[in-house]
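Thanks for making the time this morning. I would like to walk you through one model, with the cut-offs spelled out as we reach each term.

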Amino acid sequence: MKALCWMGSSKVEVHNVSDPTILNPHDAIIKVTRTAICGSDLHLYDGFIPTMEEGDILGHEFMGIVEETGKSVPNLKRGDRVVVPFTIACGNCEFCKKKIWSACDNTNPNAHLMEAAYGYSGSGLFGYSHMMGGYAGGQAQYVRVPFANVGPLKIESDLPDEKVLFLSDIFPTGYMAAENAQIQKNDTVAVWGCGPVGQFAIASAFMLGAARVIAIDRLPERLELARSIGAITVDYSEEDVSVLTALKDLTGGIGPDCCIDAVGLEAHSAQLQGIYDKVKTALMLETDRSSVLRQAIQSVRKGGTVSIPGVYGGLLDKVPFGAAFGKGITMKMGQTNMHNYMEPLLERIERGQIDPSYIISHRITLEQAPDMYKVWRDKKERVTKIVIDPWE
Amino acid sequence: MSKALNEKPNAEPLPAAASAGVILNGRYLPPPEDKDGMIWVRTSALIHASAEDLYNMWRDVEGAPLWQEQIERVTRTGETTSHWVMRPANDDDKDKHRDNTIEWDCEILKDEPGRRIAWKSIGGESENAGEVVFEPAPGGRGTMVTVLQEFRMGKLASAWETIVGRNPKQAVVENLRHFKALAETGEIPRTQGQPHGPRGVIAGMKKSIYGEETVTPPGLNRKAS
């Protein structure tokens, strides 16, 4: 089959590789009908996530048709149409039982690597480094899905792929970000980053009762999308714009009730601290650029909540913990507990409350994907979301 | 006031002495230190299955190759004795290290059904001893399984370390992890055999560092619960 492989920093290539096979009783093989490139794939592309190796198959947002099932997958049969969550969960361990699926104990074959870095290992992820399990990803024609008895969501309606594909990661991730922000009715919510996760965080914030959502980015096409679903936008790259002042001005001086960092470890900043972080990460004195997190902690109102769906991988510098303590804020974060959200969010799509396909800007083939990774990284061609048909 | 502080409605009674020595008279005991060529490993796992089922799974020595790395075959030789064959093998070439087969005999010294097993090697090419304890987790949240294993550095340890890239301490930890996954889900997570693109020299070397060369034991669909 054809698959998109990570071959080094800023280097992805299409290769012919062997087809995946059933390796465990709860496996299924999925023929991928649509897959997408995630913003977090750019952290891999840019070499920010350790333990990626030459030849690793990328991709954790995908859906398709069940081709084959292992002997213990009673819920699926050949021909079923499914969306697959990017986190792999066993359904039986302490954490799955607590519904903290992304912390599953039994799905990372390389758990010892993550234990060394984080103390404990989270669940395995598709196509996201050896530390996260080393599983082959779904930017390919076929993919092996472990614990297919637990994860995949069957799509029984005739909704097109594009409307349900984002249930594999970014819609639930944006929704959990809004849930983690502990939004109360009529709250004001600020969202940093108006990429796909930010978009769904904005939409979900409104669903959860926010009265006002303030969206912060620098790319006109993203800010436009944010305004199209009702947010007030702040372009931080404009001269004279201070995000902190803007958020005070838009909240009568008290700050947003909830701040959502949908940017993560590769934040850009127009300020001096942006240069500071670039130099320090280049010298490996810190691993993550944290200007958005700093700003979110600084901006949130007293007793407010900072929710972090943006990915962080390692060590951060100059995080204003005194401000966090002084204001008594709550911080919630982590990989998405996908399995809690896929069904309820599918219902919202079926009821017509949201059509997640509004963020798609590019539809491409697997062969075009290497070039499009670069376009996505450099934010050219007004790109907002890239969807791949691996059979074109 | 002091009485109020002593009221702990949810607390369990203090265990007097436990098991592979984690708690003694209410105090935490650190694991034993390595010395005089002896290596000690203590590791534990919280498993959602009954102590009885987990004990039975562990006690079935001939089933050990299903979840213990590098163990090729175990044969029962008596009520409490067994013969073990270990072959350090890597993912790429199962027969490459055929000469490095290590064999030993093992005897169970303590056997308390549903609670505890202790064993020791009684001859052969490995000198090891171990104990596993199954006890209800605090608050009834599954079973706490604690393994204490002891090795003498010898052919076993060096074979493990030099060929497999998995030192014996890590192997004990990984084996308990496999045991837990098998007991809770009926399989052991694996990636060996999945497709990948061309690996470069560095990716090839890293495979061993990541422990991905060690063959993942087969597991099989036999959940404990």
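Let me begin with the open sheet in chain A, where six strands follow the order 13-12-11-14-15-16 and the pairing is parallel. Strands here, like helices, are DSSP runs numbered from the N terminus, with at least two residues of E for a strand and at least four of H or I for a helix, and two strands pair if DSSP finds at least two bridges between them. Strand 13 (232-235) and strand 16 (330-333) of chain A stand at the edges with a single partner strand each, so one side of each has no neighbour in the sheet. From one strand to the next the twist averages 20 degrees, where axes are lines fitted to C-alpha atoms and angles run from 0 to 180 degrees between N-to-C directions.

Before going on, the conventions: this is a predicted model, in which local features need pLDDT of at least 70 and side-chain atom pairs count only at pLDDT 80 or more, while totals for chains, interfaces and linings use all residues. Residues are numbered from 1 along each chain as its sequence is written, and chains are lettered from A and ligands numbered from 1 in the order in which they are written.

Within that sheet, strand 14 (residues 258-261) and strand 15 (residues 305-308) of chain A pair in the parallel sense over three bridges, and Cys259(A) stands opposite Val306(A) in strand 15.

Elsewhere in chain A the pairing is antiparallel: strand 3 (residues 28-37) is joined to strand 5 (residues 61-69) by eight bridges, with Ile30(A) opposite Val66(A). Strand 5 of chain A is also joined, again antiparallel, to strand 6 (residues 81-84) through four bridges, and there Gly64(A) stands opposite Val82(A).

How many residues does each chain bring to the contact? Chain A gives 39 and chain B gives 32, two residues being in contact if their C-beta atoms, placed from the backbone, lie within 7 Å. On the side of chain A that touches chain B, the elements giving two or more residues are strand 1 (2-8), strand 4 (56-57), helix 2 (94-97) and helix 3 (111-118), and helix 3 of chain A gives the most, with three residues.

Finally, chain B comes to five helices and nine strands, and of its 225 residues 35% count as buried, that is, with 20 or more other C-beta atoms, placed from the backbone, within 10 Å of their own.

Note on methods
Buried ≥ 20, exposed ≤ 12 C-beta atoms within 10 Å, placed from the backbone.
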